[in-house]
Amino acid sequence: MENKDRFIKVYSNLPINLRNEVVLVLQNKPITWNVAFLEVNSETETGKEIVKNLIELKII
């Protein structure tokens with residue numbers, strides 16, 4: 001999954017204290033970098049949606 005690799009690359013370069021910050025609001029719920037990592041790494045449908053939105057927003 002190429003998009004997963006893009007996300008992991010960006011996530012791994014983030015400072016640890018920044019990983020607790022909200023990066024996206026999905027379905028009226030705030031998503032932190034750490035939550036996004038768990039979802040993307042588990043390859044859930046929510047994880048796929050997170051990656052799609054982060055790419056559209058040009059965050060990754």
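1. Helices (H or I, at least four residues) and strands (E, at least two) are taken here as DSSP runs, numbered from the N terminus. The model is predicted, and for that reason local features are reported only at a pLDDT of at least 70 and side-chain atom pairs only at pLDDT 80 or more, while totals for chains, interfaces and linings use all residues. Residues are numbered from 1 along each chain as its sequence is written, and side-chain values use heavy atoms, with hydrogens and water left out.

2. Buried stands for under 20% relative accessible area, exposed for over 50%, and partly exposed for what lies in between, with a 1.4 Å probe and protein chains only. The largest such core has 14 residues, and those with the most contacts inside it are Phe7, Leu24, Ile31, Trp33, Ile50, Leu54 and Ile60. Two or more residues of this core come from each of H1, S1, helix H2 (33–41) and helix H3 (45–56).

3. Ile50, one of the core residues with the most contacts, can be followed through its partners, where contact means heavy atoms within 4.5 Å. When neighbours within four places in sequence are left aside, Ile50 is in contact with Leu24, Leu26, Ile31, Ala36 and Glu39.

4. The packing of H1 against H2 is described by axes, which are lines fitted to C-alpha atoms, for helices over the stretch in contact, with angles running from 0 to 180 degrees between N-to-C directions. On that basis H1 and H2 pack at an angle of about 150°, and their axes are 11 Å apart. On the H1 side Lys4, Phe7, Ile8, Val10 and Tyr11 take part, and they meet Trp33, Asn34, Ala36, Phe37, Val40 and Asn41 in H2.

5. The C-alpha atoms of Val35 and Gly47 are separated by 9.2 Å, with the two residues 12 residues apart along the chain.

6. Side chains of opposite charge can pair when their charged atoms come close. A salt bridge is counted when a side-chain nitrogen of Lys or Arg is within 4 Å of a carboxyl oxygen of Asp or Glu, and the structure holds 3 salt bridges. In one of them the side chains of Glu43 and Lys4 meet at 3.1 Å, N to O, and this pair links distant parts of the chain, with Glu43 in the loop between H2 and H3 and Lys4 in helix H1, 39 residues apart. Glu43 is partly exposed at 46% relative accessibility, whereas Lys4 is buried at 14%.

7. Within helix H3, Lys48 and Glu45 lie 3 residues apart, about one turn of the helix, and their side chains form a salt bridge at 3.5 Å, N to O. Lys48 is partly exposed at 39%, while Glu45 counts as exposed at 61% relative accessibility. Glu49 forms a salt bridge with Lys52, the closest N and O atoms being 3.8 Å apart; because Glu49 and Lys52 are 3 residues apart in helix H3, about one helical turn separates them. Glu49, at 30% relative accessibility, is partly exposed, and so is Lys52, at 42%.

8. Arg19 is found in the loop between helix H1 (2–12) and strand S1 (22–26), and, not counting residues up to four places away in sequence, Arg19 touches Tyr11, Ser12, Leu14, Thr32, Trp33 and Asn34.

9. Two backbone positions deserve a look. Gln27, in the loop between S1 and strand S2 (29–32), has a positive phi of about 55° although it is not a glycine, and Gln27 is exposed at 66%. Lys58, in the segment after H3, has a phi near 60°, again a positive value in a residue other than glycine, and Lys58 counts as exposed at 73% relative accessibility.

Note on methods
Core = buried A, V, L, I, M, F, W, Y, C linked by side-chain atoms within 4.5 Å.
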